[in-house]
Amino acid sequence: SSDSSDGKPPNPVDFNFMVPKKEISMVPDMGKWKRSQAYADYIGFILTLNEGVKGKKLTCEYQVSETVEKLLAMLGTLDRWIDETPPVDQPSRFGNKAYRTWYAKLDQEAEALVTAVLPSERHDAAPEIAVYLKESVGNSTRIDYGTGHEAAFAAFLCCLCKVGALRMEDQLAIIFKVFDKYLQVMRKLQKTYRMEPAGSQGVWGLDDFQFLPFIWGSSQLIDHPTLEPRHFVEEKVVNEYHQDYMFLECIKFINEMKTGPFAEHSNQLWNISAVPSWSKVNQGLVRMYKAECLEKFPVIQHFKFGSLLSIQPVKP
């Protein structure tokens, strides 16, 4: 009912929360995904944030809400668990099995972690939203991580917006604080447990592990007075500016992890450095993200759908 005389604001939307499940099991199902409410909500979320960070530095001023603080504490917990779960001695260099121990802890605690982030009147959403958190840190069977896991974290944040835990004014903090901290924890996981890239296209992919920070990071650099795309392959520039720009943070991590000429180990990014403007880079990356991640069956077959990110077709 619309009667809000009890002093509580009416819930904008009532959801019948459910545990999300896979819906895309064969290539022909991809049409269902692209017509779904989930796809529209997800891409809308990515593009809204893309617009929000345009021309802004990581170090700029923005508000940090209680929910953002709680999310940072939650990611801090995941970080601490890595320290408490050192890699084990094993014959193979990659895919350290200690990751499974770390993951088992998250699997067990995810619902409680999400409950702690949600406002009390929304605790009933925790079982649904926790699924996306668990999906966002890599696969514990294969000990790999890729853009599908990254997409699950964006979906997790999108769900928190849909239930009103995060709001419009949290936009900058969502990327500059929460997503940035998520990236730091993922890099630590990737390094500590020597995770494999999931479904990597090798040298033809943009990056072994991430995609979204390149989109949002290139938006940050739009209309920069001096930095042009050609500059990001210069180590001096990266070292000087990486605290301010997510894109350069990503390049710095690649430079730390890979040896040899940049043009060889990161061919796609090398090509991007030849694009004349950051707005062109940004548009190109959005197109590439849709084509290489959101329209690829091997990525989307793992995506889960519930009441918040629904497989139902968009209402006309």
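Student: Let's start with helix α8. How many of the nine residues of α8 are buried?

Tutor: Nine of the nine are buried, so helix α8, residues 212-220, is largely enclosed by the rest of the structure. Keep in mind as we go that this is a predicted model.

Student: Which residues are those?

Tutor: Starting from L212, they are P213, F214, I215, W216, G217, S218, S219 and Q220, along with L212 itself.

Student: And what covers the buried residues of α8?

Tutor: The cover includes several helices: α2 (37-52), α6 (147-162), α7, α10 (246-257), α12 (267-272) and α13 (278-294).

Student: You said predicted. What pLDDT does the protein average?

Tutor: The average pLDDT is 94, and 94% of the residues score at least 70.

Student: Where does pLDDT stay under 50?

Tutor: That happens over residues 1-6. For that stretch the model has one contact beyond four places in sequence.

Student: Okay, new topic: helix packing. At what angle do α4 and α5 pack?

Tutor: Helix α4, residues 98-117, packs with α5 at an angle of about 140°, and their axes are 8 Å apart. The two helices are therefore oblique to each other. As for handedness, α4 passes α5 in a right-handed crossing.

Student: Which residues meet there?

Tutor: On the α4 side you have Y103, L106, D107, A110, E111, V114 and T115. They meet A126, P127, I129, A130, L133 and K134 in α5. By class, the contact of α4 with α5 has nine nonpolar residues, one polar and three charged.

Student: What about α5 and α6, how do they pack?

Tutor: Here the angle is about 155° and the axes are 7 Å apart. That makes α5 and α6 roughly antiparallel to each other, since angles over 145 degrees count that way. The crossing of α5 past α6 is left-handed.

Student: Which residues of α5 take part in that one?

Tutor: From α5 it's I129, Y132, L133 and E135. Across from them in α6 are H149, A152, F153, A155, F156, C159 and L160. The contact of α5 with α6 divides into nine nonpolar residues, one polar and one charged.

Student: Let's switch to single residues. Which one has a positive phi of about 50°?

Tutor: That's I143, and it has this phi although it is not a glycine. You'll find I143 in the loop between α5 (126-135) and β2 (144-145).

Student: Is I143 buried or exposed?

Tutor: I143 is buried, with a relative accessible area of 3%.

Student: What phi does R194 have?

Tutor: R194 has a positive phi of about 45°, and R194 is not a glycine either. R194 sits in the loop between α7 (171-192) and β3 (196-197). With a relative accessible area of 31%, R194 is partly exposed.

Student: What does D79 touch?

Tutor: Leaving out residues up to four places away in sequence, D79 touches K181, V185 and K188.

Methods:
Residues numbered from 1 in each chain as written. Predicted model: local features only at pLDDT ≥ 70, side-chain atom pairs only at ≥ 80, totals over all residues. Heavy atoms only, no water. Helix = DSSP H or I, 4+ residues; strand = E, 2+ residues; numbered from the N terminus. Buried < 20%, exposed > 50% of the residue type's maximum accessible area, 1.4 Å probe, protein only. pLDDT = per-residue confidence, 0-100. Contact = heavy atoms within 4.5 Å. Axes fitted to C-alpha atoms, helices over the stretch in contact; angles between N-to-C directions. Parallel < 35°, antiparallel > 145°, perpendicular 65-115°, else oblique. Left-handed = near helix turned anticlockwise from the far one by under 90°. Nonpolar A, V, L, I, M, F, W, Y, C, P; charged D, E, K, R; others polar.
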